[in-house]
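Thanks, everyone. I will take a few single residues and then the contact between the chains. Please have the structure open.

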Number of protein chains: 2
Amino acid sequence: MAVGYRGFPDLGSVAGIRIGVASAGIKRPGRRDLVLFELAPATVTAALFTRNAFCAAPVTLAKRHLAATAPRYLLINTGNANAGTGIAGLTAATRCCQALAAHAGCAVEAILPFSTGVIGEPLPVEKITPVLGELLAALSDNAWEAAAHGIMTTDTVAKGAKRSIELSGGTITLQGIAKGSGMIRPDMATMLAYVATDAALSQSDLHQALTTAVNQSFNRITVDGDTSTNDAIVAMASGASAISVTSADDLARFTAALSELCIELAQLIIRDGEGATKFITIEVTSGRSEAECCQVAYAIAHSPLVKTALFASDPNWGRILAAVGRAGLDDLDLEAITIHLGDICIVRGGGRDSGYTEAAGQQVMAAEEITIGVDLQRGSASARVWSCDFSYDYVKINAEYRT
Amino acid sequence: MAVGYRGFPDLGSVAGIRIGVASAGIKRPGRRDLVLFELAPATVTAALFTRNAFCAAPVTLAKRHLAATAPRYLLINTGNANAGTGIAGLTAATRCCQALAAHAGCAVEAILPFSTGVIGEPLPVEKITPVLGELLAALSDNAWEAAAHGIMTTDTVAKGAKRSIELSGGTITLQGIAKGSGMIRPDMATMLAYVATDAALSQSDLHQALTTAVNQSFNRITVDGDTSTNDAIVAMASGASAISVTSADDLARFTAALSELCIELAQLIIRDGEGATKFITIEVTSGRSEAECCQVAYAIAHSPLVKTALFASDPNWGRILAAVGRAGLDDLDLEAITIHLGDICIVRGGGRDSGYTEAAGQQVMAAEEITIGVDLQRGSASARVWSCDFSYDYVKINAEYRT
């Protein structure tokens, strides 16, 4: 069970966005593995994708389609990533879009395809296309929770979040779902996330808000340092509330709410990280730049030695110190740096803080949620990264997945 | 048991170098945890150390002593790294050197201290100094195997290697020992390694030969991506054979033999990597530079998803492809790149090679020693990195070590 998971929230609907869920039996029979979003005609869309050079066929195709026209449908399958599939993969994704376009009566380019699951297997188009009519017929206002289940792979829980915010023109809704558990070190977005609002925004404002939100959320989490081939996040603004986000003040409020929403979804991915038993926040402060703060934070977040010590609830702080030391920052003032576990100072003056006791360290480490704080004492920048521990179950999940 | 381990070789002695081993009971009573090398007066020494900014107190002190005078003794303890110990750690290391200098009748600066073990605990000087007399009395020509055992931490086997080479002046001996199993991503050297020859070399030639050898060996291995705070390698040339390495030809032969020796020792560390069940060679060829080849090789070698698939003997080649894709190289020609598992081509033309079969992939993956080959098809540089898989035992060892 995900660390600190409080159940799926009551999402309700977002006017202008309908969702259908169906079963194509891609990986196993009966699993509801196909999800369709239908966007009302005036919906404005922004999307960010993985920077993995070997990006999946649906990522390549979705980018092309986005450049051509405004999306009306998002077609998502789980159970197969359609990645590492070369030209054949591109053809397969195109055939799914073509078949849906024929059913829905829209342009092929108005459909964005998304896939998640095993890399390198051919996408079973013949299982997907016969279900598309059923999928369209299933469209409803209230299928967000079913969709959150429909996009899961090794996730153990469905992930959703919601905000209502007051803007000058009235109250708007902002909500989303996400999936992801392993191969998580988003460098642009994360595995898959879909957020929608009934507000109206220009495409450039929506894109800017999404970029800002993602940089503080999905770009600040890591389970295992592996960037997926299929990462994507889509933001949809249906405008169905007839409330426009135009003033600088409203846009700032919208961006802040979208960031909060994305942080909640990104944290849910970490809470459900493969084999995770601990939710870790790494805060690096007083750096010269955000980049160097991230460098230190990721050195800690990716260290298998730190992650196994966290799993063992062992305050083996020497491993944290070693990770900071190998992060590659020049001219570190080792005497000035402090490292905290929660409120407990563990490192000061280049070694163990004189006030530190093993008992105090153990008390922090025993908790399910742990904050590691590193103060570099050489600037005013900071960064926060979320990660999880490394357990027997991580090895079990990844040694047994696929086989 | 280490992968493909063939037992400790019959090292014999290196004229001019004597070794003593004793028990100080640093971590547990009776364990032979102190090793002393005595170098004949004319011995020339070269050493390389970790680049971890939080380097251990003995590393700092050894560098200072090396700059001051030629070493006569190397004092090594296991069970405590004396790292993350601040000023007190430096004082503790100095006190050990002072006590030994008094016993041995040499300058304090003629002693190089080395420590390995848990980070952050005070070095128990009071346990070490009473044993120094016994350690000096134990010095003998034939204690290389005992020394290899004496420097182990989580190592499961002692590591040694030997070469005899013909130079223009006659036959010389070159041999060494090493320790290391976890926190292995040497960025300069590895955990601890000591190599000795009875040949005579100038300090600059020995340093150059060592640097060349280390770049091809200890700088090309990774278990977990974590660079230790205590890494060090020392090369000692006693000159006791009265054979000098002076001509360019002899120096080239000596450097080649030293490189081979270091590669064998470095590979032994990987074979004994924490929890390792597989020995992995990653060869990246046809890159634009050695640096970019290393970048790709380490992206594969550090991927927990690749490592757990290797543990499961699962030819989940999509994870290898994803690691290549996220390595951060610009303008990769995805259509041109090929990826091999052993002799089997798995990726060609951006996807699974048409001739690939799961059965062929499984056959390669079932072996204990596996080579992953990546051909970038864009230059003439190459790099080879050695690594191991990621097993339940890695988590067990690192979750339970120290506690």
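I start with A:Ala242, which is exposed, at 69% relative accessibility. Keep in mind throughout that this is a predicted model. A:Ala242 sits in chain A, in the loop that links strand S10 (232-237) to helix H7 (248-271). What stands out there is the backbone: phi is positive, about 65°, although A:Ala242 is not a glycine. As background, most residues other than glycine have a negative phi.

There is another such case in chain A. A:Ser313, also not a glycine, has a positive phi, near 55°. Its place is the loop between H9 and H10 of chain A.

Now the contact between the chains. On chain A, 56 residues are in contact with 56 residues of chain B. About 4700 Å² is buried between chain A and chain B, and carbon and sulfur atoms give 61% of that area. How many salt bridges are there between chain A and chain B? The count is zero. For polar contact, the count between the two chains is four residue pairs, with both residues at pLDDT 80 or more.

Which elements of chain A give two or more residues to the side that touches chain B? They are helix H9 (304-311), helix H10 (317-325), strand S14 (351-352) and helix H12 (392-400). Sorted by class, that side of chain A has 24 nonpolar, 19 polar and 13 charged residues.

The largest nonpolar core has 166 residues, and the members that touch the most others are B:Phe37 and B:Tyr194. Setting aside residues up to four places away in sequence, B:Phe37 touches a list of residues that includes B:Ile17, B:Ile19, B:Leu74, B:Trp144, B:Ile177, B:Tyr194 and B:Met236. There is also a second, separate core of 73 residues, and among its members are A:Val59, A:Ala148, A:Met236 and B:Ala297.

Last, B:Phe8, in the segment before strand S1 (17-22) of chain B. B:Phe8 counts as buried because its relative accessible area is 17%, and the cut-off is under 20%. Leaving out neighbours within four places in sequence, its contacts are B:Trp144, B:Glu145, B:Ala148, B:Ala158, B:Lys159, B:Gly160 and B:Ile177. Between the C-alpha atoms of B:Phe8 and B:Cys345, which are 337 residues apart along the chain, the separation is 36 Å.

That is all from me.

Conventions:
Residues numbered from 1 in each chain as written. Chains lettered and ligands numbered in written order. Predicted model: local features only at pLDDT ≥ 70, side-chain atom pairs only at ≥ 80, totals over all residues. Heavy atoms only, no water. Contact = heavy atoms within 4.5 Å. Buried area = accessible area lost by both parts, 1.4 Å probe. Salt bridge = Lys/Arg side-chain N within 4 Å of Asp/Glu carboxyl O. Polar contact = N/O pair within 3.5 Å; in protein donor to acceptor, adjacent residues only side chain to side chain. Helix = DSSP H or I, 4+ residues; strand = E, 2+ residues; numbered from the N terminus. Nonpolar A, V, L, I, M, F, W, Y, C, P; charged D, E, K, R; others polar. Core = buried A, V, L, I, M, F, W, Y, C linked by side-chain atoms within 4.5 Å. Buried < 20%, exposed > 50% of the residue type's maximum accessible area, 1.4 Å probe, protein only.
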